[in-house]
Amino acid sequence: MGRQATDEEVEEVWKEFWLPIVAPNGALEIEQVKKELFDFHRVMGEVPKVYMHVSGNQFSKVTTMAEYVMTAADEHYRKLYEPDLEPADDDGELITNEWWEAQPDVELYWGRKVIVLPSESNLTFRDGWLSILHRSDEHELIQNPTRGQYRKLLDALDPAA
């Protein structure tokens, strides 16, 4: 996702960016080079983790152009926050904290009101957000879900229900 730099580009970056940092007095300062290489090493290890996280595991190379990562992140979060749940056959009533807590399957788990399904998915609801944590550690959020969407979700996650 990144092209090879030309010799001219490499030389320009050396003169305009690195030289003032590693040779501010005209002589190469090896301790400063070591510090810069240490920082670069850290970046090379940490940036792939962020790229994987925000892009939904699509990109990990630090040389991937930002526009690709951002586009993948937009798509990944759009899928998380706008799930494909049809409102057909829906009573249109929004789930409330009170309604959620009155459900018979809700149990208190680590201070949260949770429904644990046989499929090992966990559902939590708080302040307008239904959170679904799947066995695979995949996480989904639905903002302002209706009771009909909730029933369809239960059917999809736990057909025996």
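Among contacts in the chain between residues at least 6 apart in sequence, what percentage join residues at least 24 apart? In this predicted model, the share is 37% of such contacts, where contact means heavy atoms within 4.5 Å. Residues are numbered from 1 along each chain as its sequence is written, and side-chain values rest on heavy atoms, with hydrogens and water left out. Because the model is predicted, local features need pLDDT of at least 70 and side-chain atom pairs count only at pLDDT 80 or more, while totals for chains, interfaces and linings use all residues.

The chain holds 5 helices and 5 strands, which are DSSP runs numbered from the N terminus, a helix being H or I with at least four residues and a strand being E with at least two. Along the sequence, these elements follow the pattern α-α-α-α-β-β-β-β-β-α. The chain has 161 residues, of which 26% count as buried; buried means under 20% relative accessible area, exposed means over 50%, and partly exposed lies in between, with a 1.4 Å probe and protein chains only.

The structure contains 1 aromatic pair, formed by Phe17 and Trp18 in an edge-to-face arrangement, with 4.8 Å centre to centre and 85 degrees between the planes. Rings of Phe, Tyr and Trp (its six-membered ring) pair if their centres lie within 6.5 Å, and planes under 30 degrees apart count as stacked, over 60 as edge-to-face and the rest as tilted. Phe17 counts as partly exposed because its relative accessibility is 44%, and Trp18 counts as partly exposed at 28%. In the loop between helix H1 (7-22) and H2 lies Glu29, which is partly exposed at 33% relative accessibility. When neighbours within four places in sequence are left aside, Glu29 is in contact with Val22 and Pro24.

Helix H2 (30-54) has 25 residues and reaches 36 Å from its first C-alpha to its last, close to the 36 Å expected at 1.5 Å a residue; the expected span of a helix is 1.5 Å times one less than its number of residues. The buried residues in H2 are Val33, Glu36, Pro48 and Tyr51, and the buried residues of this helix pack against H1 and H3.

The loop between H2 and H3 includes Ser55, which is buried because its relative accessible area is 0%. With neighbours within four places in sequence left aside, Ser55 is in contact with Ala72, Ala73 and His76, while its side chain reaches the backbone nitrogen of Gln58 at 3.1 Å. This is a polar contact, a pair of N or O atoms within 3.5 Å; within protein, one must be able to donate a hydrogen and the other to accept it, and residues adjacent in sequence count only if both atoms are side-chain atoms. Just after H2, Gly56 takes a positive phi of about 70 degrees. Most residues other than glycine have a negative phi. Asn57, however, has a phi near 65 degrees, a positive value in a residue other than glycine; Asn57 lies in the loop between H2 and H3 and counts as exposed at 57% relative accessibility. Thr64, placed in the loop between H2 and H3, counts as buried at 7% relative accessibility, and a polar atom of its side chain lies 2.9 Å from the backbone oxygen of Lys61.

Helix H3 (residues 66-81) has 16 residues, which at 1.5 Å a residue should span 22 Å, and its end C-alpha atoms are 22 Å apart, in agreement with that value. Val69, Ala72, Ala73 and Leu80 are the buried residues of H3. Seen down the axis of H3, its buried residues fall within an arc of 105 degrees, so they line one face of the helix; the arc is that of the directions from the helix axis to the C-beta atoms. The face of H3 turned away from its buried side carries the exposed residues Met70 and Thr71. Ala66 lies in helix H3 and counts as partly exposed at 44% relative accessibility. The C-alpha atoms of Ala66 and Tyr51 are separated by 9.4 Å, these residues being 15 residues apart along the chain.
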